[in-house]
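Visitor: I have a model open and would like to walk through it residue by residue. Could you help me read it?

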Amino acid sequence: MNTFHDLLSAITDPSGREILDPATGEVVGSFHESTPAELDDAVTAVRAAQPAWAGLGHAKRSEYLHRAADAVEANAEALAELLSREQGKPVKNGPNAAFEVGGCAAWLRASADFPLEPEVLVDDETGYAELQYVPLGVVGAIGPWNWPMMITVWQLAASLRMGNTVVVKPSEYTPLSVLGLAHVLNQVLPADVLRVVPGGGEVGRALSEHRGVDKLMFTGSTATGQAIMRSAADGLTRLTLELGGNDAGVVLPDVDPRAVAEDLFWGAFINTGQTCAALKRLYVHEDVHDAVCDALVEVARQMPMGNGREEQNVLGPLQNRQQYDIVAGLVEDAKNGGGRVLIGGDPQEDQPGYFYPTTLVADLPNDNPLVTQEQFGPALPIVKYADVEDAIAMANGLDVGLGASVWSSDAESAMAVAQRLEAGTVWINKHGGVDPRIPFGGIKKSGFGLEFGVEGLKSVAASKVISR
C-alpha cells in the first residue's frame with residue numbers, strides 16, 4: 001500500500017514540468033514529458049509483450065484485472081488525494097475523487113467478468129460457421145483531464161481483457177493522476193503490458209500517427225477527434241472516439257419540480273460541469289418553468305464549492321484557466337444576450353484557484369452561445385418552451401449527440417420523447433449515469449464506437465469467422 005507521498009515520489013521527476021493545484025495554485029508535483037522517440041520505445045515494448053499476454057487466455061487475463069482492481073482499492077486513499085490535488089474535485093463529498101477511484105476498480109472487475117464466447121452463426125446440414133473475437137495487438141489510449149483515472153481505465157480494461165497491450169497518453173493537464181494509477185496497476189500486471197507516455201500535443205500526434213498502433217481510443221473534443229481521424233487515415237488505424245457533447249434535457253409539463261431538482265442539478269453540475277455527458281442545456285415547459293428554476297436555485301444554494309480537501313465542499317474548481325475563461329466568456333454572452341442570472345455569474349477574481357460559481361441562467365433564446373456551445377463548466381442555461389415539438393427540435397438542433405434526458409411523471413410520455421431525441425444515450429428522470437454493463441457512445445459529431453459491456457469488448461477486438 002502506497003501513501004500519497006510514496007505515490008507522488010514514485011512518479012515525480014524533479015526536473016520535469018510542474019503541475020499546479022487548480023484550487024490553490026500550489027505545486028502538486030512534476031513529470032517527465034516524453035519525446036516521440038520515447039513513444040517509439042513504449043510502442044515497441046508493448047508490442048513485444050503482446051503475444052505472451054494474448055496467449056494467457058481470457059481466464060488468466062481476467063485474474064490479472066481482478067488483481068489490478070485489488071491494487072486500486074488497496075491504494076484508494078492515496079490515489080484519491082492525488083486526483084483531488086491535480087484535477088480539483090473533492091476527495092470525499094459529492095461525485096468525487098474517491099468515487100472516481102472506486103469506479104476504476106468497478107470497471108476493471110466488470111471488464112474481467114463479461115462472458116464473450118464464440119458466436120455460432122450456422123450449424124446445420126449446410127455447414128458450420130462461428131464468429132470469434134481476437135486481439136488487435138497494440139491499443140493507443142488518449143485521455144482527457146476531467147475524469148483522468150476512470151476514463152483511462154475505461155480504455156485500458158477492455159483492451160487488456162481482450163489480449164491487447166496498451167500505450168496511454170494522458171492529458172498534459174492531469175498526467176500525475178494517470179501515472180499514479182499506472183504505477184499501482186503495473187505493480188501487479190506483467191511487464192510492458194501497460195505503458196504511459198505523458199506529454200503534450202506532439203506526443204499525442206505521434207501516437208495517433210504511429211504505425212505500430214492497431215487501435216486508437218480517444219476521449220476529448222470534437223476538433224481533436226477530427227485531427228486524430230486524419231492522422232489515423234493512412235494506416236487505417238481503427239478508432240473509438242468519444243467526443244464533445246452538448247447534452248439536452250427536456251422537462252415535460254407533468255413533472256414535479258421539487259422531486260427532480262436535485263437529480264437535475266447533479267446531471268448538470270457533476271464534477272463542476274466538467275463531464276462530456278453532463279446536462280448542458282435544459283428545456284423546460286412554460287407550465288413548470290418558474291417552479292423548476294426556483295427548485296434548482298434552492299438546491300444550488302445548498303452545494304458548497306471550494307478546496308476539495310475541505311470536507312464540507314461538494315464542488316471544486318475548474319481544472320485549468322483556459323476552461324475557466326471559456327465558462328466566464330459564455331456567461332457574459334448570456335448576460336449580454338438578455339439572460340437572467342438566477343444564481344452565480346459573479347466570480348471572485350481576487351481569490352486563488354479557478355473557482356467559477358454555480359450559475360443558472362434563464363430567459364435565454366435558443367441561439368445564445370451559452371446554449372449552442374459546450375460550456376464544460378458550472379453554468380446551465382434554461383430555455384422555456386410552449387410546445388414539446390419545439391423542445392424536441394431544439395434539443396436535436398445541434399450537430400452533437402452524446403447524451404440527452406427526459407423528465408416526466410409519466411413513463412409513456414417520457415418514452416415517446418426519448419425515442420425521438422438524437423443521442424447515443426437517452427436517460428429518463430436522470431442524466432449522465434453510466435454503468436459498466438451498459439454500452440456507451442455518441443452519434444453525430446460526438447463520435448462513434450461503443451465502450452462498456454460486451455459490445456465494448458468487441459470494439460477492441462478483431463472479428464474472425466471460422467467456417468467449415
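Visitor: Is F376 buried or exposed?

Guide: F376 counts as buried, at 10% relative accessibility, where buried means under 20% relative accessible area, exposed means over 50%, and partly exposed is what lies in between, with a 1.4 Å probe and protein chains only. Please keep in mind that this is a predicted model, in which local features need pLDDT of at least 70, side-chain atom pairs count only at pLDDT 80 or more, and totals for chains, interfaces and linings use all residues. Residues are numbered from 1 along each chain as its sequence is written, and side-chain values use heavy atoms, leaving out hydrogens and water.

Visitor: And where is F376 placed?

Guide: F376 sits in the loop between α13 (369-372) and β14 (379-385); helices (H or I, at least four residues) and strands (E, at least two) are DSSP runs, numbered from the N terminus. The phi angle of F376 is near 55 degrees, which is a positive value in a residue other than glycine.

Visitor: What about the phi of D192?

Guide: D192 also has a positive value in a residue other than glycine, near 65 degrees. D192 belongs to the loop between α7 (175-185) and β7 (194-196), and with a relative accessible area of 29% D192 is partly exposed.

Visitor: Switching to helices, at what angle do α2 and α3 cross?

Guide: The axes of α2 (residues 36-55) and α3 (residues 57-74) cross at roughly 105 degrees and come within 7 Å; axes here are lines fitted to C-alpha atoms, for helices over the stretch in contact, and angles run from 0 to 180 degrees between N-to-C directions. The two helices, α2 and α3, are therefore roughly perpendicular to each other, since angles under 35 degrees count as roughly parallel, over 145 as roughly antiparallel, 65 to 115 as roughly perpendicular and the rest as oblique.

Visitor: Which residues make that contact?

Guide: From α2 they are W53, A54 and G55, and from α3 they are G57, R61 and Y64. Sorted by class, the contact of α2 with α3 has three nonpolar, two polar and one charged residues, where Ala, Val, Leu, Ile, Met, Phe, Trp, Tyr, Cys and Pro count as nonpolar, Asp, Glu, Lys and Arg as charged, and the others, Gly among them, as polar.

Visitor: How do α3 and α6 pack?

Guide: Their axes are 9 Å apart, and α3 and α6 pack at an angle of about 150 degrees, which makes α3 roughly antiparallel to α6. On the α3 side the contact is made by H58, R61, S62 and L65, and on the α6 side by A157, L160 and R161.

Visitor: Is A157 buried or exposed, then?

Guide: A157, whose place is in helix α6, is buried, with a relative accessible area of 0%. Apart from neighbours within four places in sequence, A157 is in contact with L65, W107, L108 and S111.

Visitor: Which residues touch the most other members of the largest nonpolar core?

Guide: Of its 71 residues, V72, L108 and L185 touch the most other members, a nonpolar core being a set of buried Ala, Val, Leu, Ile, Met, Phe, Trp, Tyr and Cys residues joined through side-chain atoms within 4.5 Å. Helix α6 (residues 148-161) gives the largest share of this core, nine residues. As for L185, leaving aside neighbours within four places in sequence, L185 is in contact with A68, V72, L108, L156 and L194.

Visitor: Last one: what is K458 joined to by a polar contact?

Guide: A polar contact of 3.0 Å joins the side chains of K458 and E119; such a contact is a pair of N or O atoms within 3.5 Å, and within protein one must be able to donate a hydrogen and the other to accept it, while residues adjacent in sequence count only if both atoms are side-chain atoms. K458 lies in helix α16 (residues 453-459) and, at 19% relative accessibility, counts as buried.

Conventions
Contact means heavy atoms within 4.5 Å.
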